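Here is a short briefing to read alongside the coordinates.

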Amino acid sequence: MYPPSVTQTPHPCSCTFLALMTVARSLAACSVSLPPLLLLSMLGRQCRALDAEQVHVSVVGSAGVCISWASPGSATANLTVQEVEIGTTVEIGPTRVIQPMTTSYRYEGSDGMGGSYGVPGVYTSPLLLHAHVEVRPSKTYRYRIGSGSDVGSWRTFRAPPAAGTDRLRLAVVGDIGQTEFSRETCASLLAAHKAHAFDAAVLLGDVSYADGTATRWDSFGRVFDESGCADVPWLVLPGNHEIEADKLSGEPFVAYRKRWRTPSNGPEEVGNDFKAIDWGTYHFKSRYDFGGSFWSVQLGPAHFIALNPYTDGKADSVQIKWLTAELERVNRSATPFLIVFTHAPWRGTQLLHKPADEQATRELMEAAEPLLVKAKATMLFSGHVHAYERSLPVEGIQHFIVGNGGNHEQLYNKWNTSAKTAFRSGEFYGWGELDLWPEAYNFMARRSHDSSILDSFAAALPSFAVASPPERPTQEATAVEAITGGKEEPGVGLPLLGGLGITGWLCCAACYWRARRARNAAKGEDIAFRTDPQVLGGHNPVSAGGVAE
C-alpha cells in the first residue's frame with residue numbers, strides 16, 4: 001500500500017494563536033497577565049508576517065524569474081530582492097522592492113477528472129501573487145515577502161545562465177504529486193542542489209494530482225514549499241491531471257494557469273467549451289494555446305521546447321505551426337542542445353499509456369516528431385508513466401521517461417519486449433539530473449529515498465551540433481556514450497567522437513570517471529562507471545537483448 005496523500009496543514013495564524021494562548025496561560029499561572037489588546041496585536045503581527053505560503057520560483061525567460069506565493073488571508077505584500085555575493089549576504093547593487101500582480105479564481109469540478117476526491121461545491125482560491133524579477137545570468141539573489149515590519153525570512157535562488165554559455169545543470173521531475181514519496185523527492189533534490197547548485201529544474205506535468213478537488217492545489221503548494229523544492233527555479237508544463245475542466249467557465253487548466261508562471265511565446269488563448277469525448281483514450285475537444293501550454297526558452301547551451309498533447313496537436317494546429325516557426329529560430333552555434341519536454345512519452349516500451357492507445361499523444365507525436373527529427377533534436381523528456389526509462393536513440397533522438405516523482409497512483413513496472421530500451425525500472429521513486437557541457441552531456445537517474453544512482457549515462461554531442469572544432473578535452477568537459485545494458489545504433493555512439501580517435505576518447509573518459517569517483521568518495525557515494533544493470537537498478541530490469549526479465 002502506498003502512504004496516504006499529505007493532509008492539509010493548519011494555517012500559520014491558528015498555530016500562532018494557540019502558541020500565544022499557551023504563553024498567556026503560563027504567565028497567568030505566575031500571576032502575570034497580558035492585556036487583551038497586546039495579545040491581539042501580537043497575533044496580528046504574526047498573521048500578517050506569515051500570511052504568505054506556497055512559495056515557488058519559476059523561470060519565465062532567459063533573464064527573468066517569477067516569485068509566486070498564496071495569501072489565505074488575501075493580504076497583499078511586496079517582494080524585496082537583493083543581488084548578493086555567492087555564499088554571503090553582501091549586497092551587490094541596489095535593493096529592489098517589487099509590487100506583485102495578483103489574481104484568484106473560482107472553480108467547480110466537472111465530470112471525468114473533476115471532483116474525484118468527493119469534495120463538491122464551488123471553491124474560491126486564496127489570493128495568488130506573482131512578482132516578476134529581472135535577473136542577471138548566473139547571479140545569486142535573496143528575497144523576502146512582506147511590507148514594513150511584517151516581513152518573512154530571507155530566501156535565496158540563483159538565476160539561470162544566459163543563452164549561449166557553455167554549461168547548464170538541470171533537475172528533472174515528473175508526476176510528483178503530494179505524498180511522503182513526493183517529500184522524499186524534494187528532499188533528495190534539495191540535498192543535490194546544496195551540494196552542486198542546479199541552474200533550473202523542470203516539472204514534466206501532473207503536478208498536484210488535485211483532480212478536481214481544488215483545495216489539494218493548496219496542500220500541494222505547501223508540500224512543495226516546505227519540502228525544499230521551492231529553493232530551485234522551475235520550468236513547468238501541463239499534464240493530463242492539470243486539465244480539470246471547470247464547470248463554471250467551461251475552461252480547462254484553470255488552477256495550473258492561475259498558479260504557475262512559465263516562459264511565454266504569446267498571450268494564452270483558451271476555449272470555454274472543453275469536452276472529454278473519451279477519457280479512456282484521451283480524446284478531447286480542448287483549446288489551450290500559448291501561455292503556459294507550449295513554450296520555448298534558451299538557457300546556457302540549450303534551446304528548450306515544451307509541447308502539450310492536451311490541446312490541438314494535429315498538423316494544421318496552432319501548436320504545430322508555432323513549433324515549425326520556433327525550430328527555424330534554433331541557433332545551434334549558440335545553443336547546440338535542442339531539448340524537448342512533453343508530458344506523455346512517444347518512444348517508451350511500457351504497456352500502459354502507449355501513443356497508439358491515447359489519441360492526444362498520438363496526434364501530437366505524428367505531427368511533431370518528423371519536425372524534431374529533421375531539426376536533429378538532441379533528447380526528449382516525458383513523464384506520465386510512473387517509472388524511469390532511457391531508450392536507445394530513435395532517429396537520432398534520445399528519449400527519457402522520468403515519471404516516478406512520487407504521486408499517489410503508485411509505481412508502474414510492466415514493459416514490452418523491445419530492443420529499443422537501454423535501461424528501465426519501475427521499482428523506485430526518483431528524479432533525474434542533467435549536466436550539459438559544450439560537446440557532451442551526462443544524465444543520472446536517482447532514487448529519492450537515499451539519493452543513490454539508479455542509472456548513469458553520458459554521450460558526446462553529435463558532430464553536426466558542435467559549433468566549432470572541439471578543443472583538447474578536460475576531465476570536466478569530456479564524456480563518452482556509456483549505455484548500460486544497451487546497444488549502439490548506426491550513426492550513434494563512438495564513431496561520432498572523432499578527433500582523438502576511439503582510444504584517446506576512451507582514455508579521457510576513464511580519467512573523467514576516476515576523477516568523479518574520487519570526488520564523490522569523500523561524500524560516501526560511489527558513482528563509479530558501472531556496466532551491470534543489476535548493480536544500477538538493484539535487479540536486472542533489462543537483459544542484454546533488451547528484454548524484461
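Of the contacts in the chain with a separation of 6 or more, 68% are between residues 24 or more positions apart; a contact means heavy atoms within 4.5 Å. Please keep in mind that this is a predicted model, in which local features need pLDDT of at least 70 and side-chain atom pairs count only at pLDDT 80 or more, while totals for chains, interfaces and linings use all residues. Residues are numbered from 1 along each chain as its sequence is written, and side-chain values use heavy atoms, with hydrogens and water left out.

**The chain overall**
- Nine helices and 28 strands make up the secondary structure (DSSP runs numbered from the N terminus: helices are H or I with at least four residues, strands are E with at least two).
- Buried residues, those under 20% relative accessible area with a 1.4 Å probe and protein chains only, are 56% of the 549 in the chain.

**Helix α3**
- Spanning residues 180–195, helix α3 reaches 23 Å from its first C-alpha to its last, close to the 22 Å expected at 1.5 Å a residue (1.5 Å times one less than the number of residues).
- Its buried residues include S182, C186, L189 and H193.
- The partners that the buried residues of α3 pack against include β12 (168–173), α4 (215–226) and β27 (440–447).

**Strands β23 and β25**
- Strand β23 (residues 388–391) pairs with β25 in the antiparallel sense over four bridges; pairing takes at least two DSSP bridges between two strands.
- Within this pairing, Y388 stands opposite S425 in β25.
- Strand β25 (residues 421–425) is largely enclosed by the rest of the structure, because five of its five residues are buried.

How values were computed: Buried means under 20% relative accessible area, exposed over 50%, partly exposed in between (1.4 Å probe, protein chains only).
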